[in-house]
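I opened the model and kept notes as I went.

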Amino acid sequence: MFDFFFLLFPIQAIYAQQQTLLERELAKDIRDYRLDRFSHIEAAFILSGATNPDTLQYYVNWYNQLVETISRFNLDDFDRIGSAGKVFSYLHSTWLRKYKEKATTLIDVVREKRFNCVAGTILYNLVCNDLDMPTEAFETPTHTYTIFPNFTEQIMVENTSPMGFNIMKNLREYSRYLLRFYPQKQALHIGLDRIYAYENSKGREIDNTELLGLLAYNRAYFAVQKKDYDTAYRFVRLAQSFNKDSRSNVNFEIGLYYRWGKKLFDEKKFSRAFYIYKDAYQRYWEND
């Protein structure tokens, strides 16, 4: 037992050394699947790439000023749907200006006004939360939406389009919009009239802590595209602490475990390869 621990401890230390101090502190905070030390917006900017306290404070100040600006819009507590729509319209007219699949971080929003569904949903959800309009999200295999659990009617918000507020009003038109996220063969197999139903049958409601996990998963996904498996694995481990039941990322995780473990093994880094495969087995013990 002692030898086993001795084998693993240096490997865990290696991954800790590759993290920034803020990442390490965030990893400690979310270890019990909840945030205590950091706020959601602080965690979002750390996951987005804020590497030191000064940089983090700069971005948090930007966010606080944004919320302060919107709070002066005379939002009507008796028209919560209308108020949520105003917030949505303002964000899309000022900061969520250009959709880009790889613009997954809030830093992309601040610097370039570019965003994808995860970045847009995180920003919109956290702003609405801080304006006393509680939000959650809906995670599907290809996409993420905003939902308002406390509204008197079902409101679902598509954050990648300036026309996406309350998409329930026109589901057929929205189904056409969803097609852009599916390979053509898969879309034809599902059928236009069933795209929305298919999305929702494969998805689940998540809270805003779990939503932040999707940002970490996206960072991992784009790292894999660069074959930077080390960084990808680091973000997956963080993501799992935020969103431990992210069903849309199961195949991605299994593929990463296999590719990263095999690469380490081929490079004769056997101890690290063993650690990756041990981790994979503990998470997917039923996988042959």
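How much space lies in the largest cavity? I read about 50 Å³. This is a predicted model, where local features need pLDDT of at least 70 and side-chain atom pairs pLDDT 80 or more, while totals for chains, interfaces and linings use all residues. Residues are numbered from 1 along each chain as its sequence is written, and side-chain values use heavy atoms, without hydrogens and water.

**Cavity.** I found one cavity of 30 Å³ or more. A cavity here is a set of points on a 1 Å grid over the protein atoms alone where a 1.4 Å probe fits but cannot get out; lining residues have an atom within 4 Å of a point. Volume is the space filled by probe spheres set on the points. For the lining I noted Glu 139, Thr 140, Pro 141, Lys 202, Gly 203, Arg 204, Arg 247 and Ser 248.

**Helix α2.** Next I looked up α2, residues 21-29. Helices are DSSP runs (H or I, at least four residues), numbered from the N terminus. Its buried residues (under 20% relative accessible area, 1.4 Å probe, protein chains only) are Leu 22, Glu 23, Leu 26, Ala 27 and Asp 29. They cover an arc of only 160° around the axis, so they sit on the same side of α2. The arc uses directions from the helix axis to the C-beta atoms. Leu 21 and Lys 28 on the other side are exposed, meaning over 50%. The buried residues pack against α3 (40-48), α4 (53-71) and α12 (229-242).

**Val 87.** I then checked Val 87 in helix α5 (residues 80-94). Val 87 counts as buried because its relative accessibility is 0%. Beyond neighbours within four places in sequence, its contacts (heavy atoms within 4.5 Å) include Ile 70, Tyr 124 and Leu 131. Leu 131 is 44 residues away in sequence and 9.5 Å away in space, C-alpha to C-alpha.

Conventions
Helices (H or I, at least four residues) and strands (E, at least two) are DSSP runs, numbered from the N terminus. On a 1 Å grid over the protein atoms alone, a cavity is a set of points where a 1.4 Å probe fits but cannot get out, and a pocket is an open set with protein on both sides within 12 Å along at least five of seven lines; lining residues have an atom within 4 Å of a point.
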